Amino acid sequence: MGFRIFVVDDDRHYARMISYHLDKNPDYTVTVFADGQEVLDKLDDQPHLLVLDIMMPGIGGIETLKKIKEKLPDVPVIMVSAQGVVDTAVEAMKEGAYDYITKGRDDLNKLSIVVKNALEKVSLAQELESLREEVTSQYGIEGIIGESQAMQSSYRLIHKTLRGDLTVAIQGESGTGKELVARAIHFNSPRKNGTFVVVNCAAIPRELMESEFFGHEKGSFTGAHARKIGKFEQAHGGTIFLDEIGELDLDLQAKLLRALQNYEIQRVGGNETIKFDARVISATNRDIIPMIRKGKFREDLYYRLFQFPIHLPPLREREKDVILLANHFLKSYLKSHPEFKGKTLSSEARRAILNYKWPGNVREMKSAIERAILISDANEISVNDMMLNARTMISPWEERSQHTMQESSYAPATQPLNGEHGIVEESADAIAGISLGGNGNAIVSLEEIKHKAVERAYRICDGNVDKAAVELGIGRATMYRLLKKYELIG
């Protein structure tokens with residue numbers, strides 16, 4: 001990379017000497033100016049670095065430095081003076097000078113080192129800006145594929161979220177691209193230069209979630225060997241994305257609500273109140289309203305998080321987007337894997353794609369297209385290569401949700417349970433279909449209870465071994481051992 005360096009000094013002999021010395025580096029292009037006004041007139045040429053004499057006729061060095069910083073605040077300026085006056089050096093640094101060297105006392109080798117370090121900083125800043133633009137382009141709203149009427153409504157809402165800083169809640173089935181939308185909102189908002197922090201509320205054990213959210217102090221609990229900065233502090237100045245917010249434990253919901261009320265947190269084991277400034281975007285594939293009715297989600301937190309709700313439609317409701325996305329994933333994969341160049345979708349495969357319900361939405365389609373490219377032996381991908389078997393297809397989320405509600409309505413009446421928060425909770429037996437107790441006065445063996453407890457937890461947690469182990473209060477390895485023992489997994 002080449003760098004443009006401006007040397008400004010009324011001492012022509014010294015200016016030529018610096019210019020000659022720096023010009024030895026093939027990456028530097030040096031231009032010499034005799035006074036401050038002359039260089040100010042050429043700032044539109046966008047120098048990467050300036051070497052500026054303090055004592056000059058006309059506009060002095062400090063005044064010239066101020067005007068340079070007004071126009072090019074990020075460009076480093078190295079001040080040079082024949083007099084090693086401390087006050088002048090301090091004033092120059094206060095005005096934003098990168099460094100200060102003295103003629104005669106500091107040799108040219110020192111100047112070379114200072115220039116080299118300053119230009120490395122410039123190079124890193126440019127690289128960072130380039131990466132930031134690349135990421136912004138990748139996650140921009142224009143990066144979301146879809147032209148259907150359903151998506152047009154979502155686009156309009158996404159654009160309107162950029163008018164303010166309200167909390168946004170994105171709802172949609174799994175695989176509809178909720179995180180992609182959250183990133184699009186962040187990278188198109190004034191917070192795009194800040195951090196985008198993702199927290200998956202379903203993936204972190206309940207015991208660790210508070211520390212993950214708010215951080216902890218050293219020694220606050222067993223294993224807290226050092227201070228940890230929480231996700232909310234990390235997101236200061238940027239955006240925090242709370243994925244799967246419907247999975248958050250009720251205790252944590254109360255603490256999250258408190259944090260969002262005043263945008264203040266306290267680390268676990270700490271006394272200091274820490275303010276944070278982050279936009280909060282949450283996402284869930286659950287219908288939160290029924291959860292509120294069942295006491296599984298706090299109503300006050302709902303109003304705090306759902307200031308600006310956005311619904312993402314499932315793929316089966318996106319009409320022409322289905323083929324549009326299929327072509328997009330086909331082209332993207334062929335671009336990164338040129339060895340498969342020439343593969344196309346047959347007309348039968350396209351019809352099958354259109355007729356399929358896509359219960360896994362966009363995520364499932366991406367996998368199906370990429371798999372079909374690998375399976376296909378011919379250039380034209382057939383319907384069999386797509387492996388869209390209706391008999392093994394999982395029913396869409398909406399149908400599954402309705403089915404679950406119907407099952408619940410036919411379940412035998414059970415005594416409601418009062419939770420620790422005084423909220424009536426749904427019987428877990430109705431969810432798992434397993435009762436831990438016996439009938440009447442029948443005695444149940446401990447081994448049988450253990451078997452049922454493991455199976456019940458495994459089913460309630462939808463086969464998530466880690467989550468089931470945490471709920472049972474046992475280790476992951478023990479959970480696996482018990483699942484194998486009771487032949488619940490292979």
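User: What makes the pLDDT of this protein what it is overall, and how many residues score at least 70?
Analyst: The model is predicted, and pLDDT is the predictor's confidence in each residue, from 0 to 100. The protein averages 84, and 87% of the residues score at least 70. Over residues 404–432 the pLDDT is below 50, and this stretch has 31 contacts in the model beyond near neighbours in sequence; contact means heavy atoms within 4.5 Å. In this predicted model, local features need pLDDT of at least 70 and side-chain atom pairs count only at pLDDT 80 or more, while totals for chains, interfaces and linings use all residues. Residues are numbered from 1 along each chain as its sequence is written, and side-chain values use heavy atoms, with hydrogens and water left out.

User: Why is Thr239 called buried?
Analyst: Buried means under 20% relative accessible area, exposed over 50%, and partly exposed in between (1.4 Å probe, protein chains only). Thr239 has a relative accessible area of 1%, so Thr239 is buried. Thr239 is found in strand S10 (residues 239–243); strands (E, at least two residues) and helices (H or I, at least four) are DSSP runs, numbered from the N terminus.

User: What makes the pair of Thr239 and His186 a polar contact?
Analyst: A polar contact is a pair of N or O atoms within 3.5 Å; within protein, one must be able to donate a hydrogen and the other to accept it, and residues adjacent in sequence count only if both atoms are side-chain atoms. The side chains of Thr239 and His186 make such a contact at 2.7 Å. Leaving aside neighbours within four places in sequence, the residues in contact with Thr239 include Arg191, Phe196 and Ile281.

User: How do you know that S7 and S14 stand at the edges?
Analyst: Two strands pair if DSSP finds at least two bridges between them. The open sheet of five strands runs S7-S10-S13-S6-S14, with parallel pairing. Strands S7 (196–200) and S14 (308–311) each have a single partner strand, so one side of each is left without a neighbour in the sheet. S6 (residues 168–171) and S14 pair in the parallel sense over four bridges, and Gln171 stands opposite His311 in S14.
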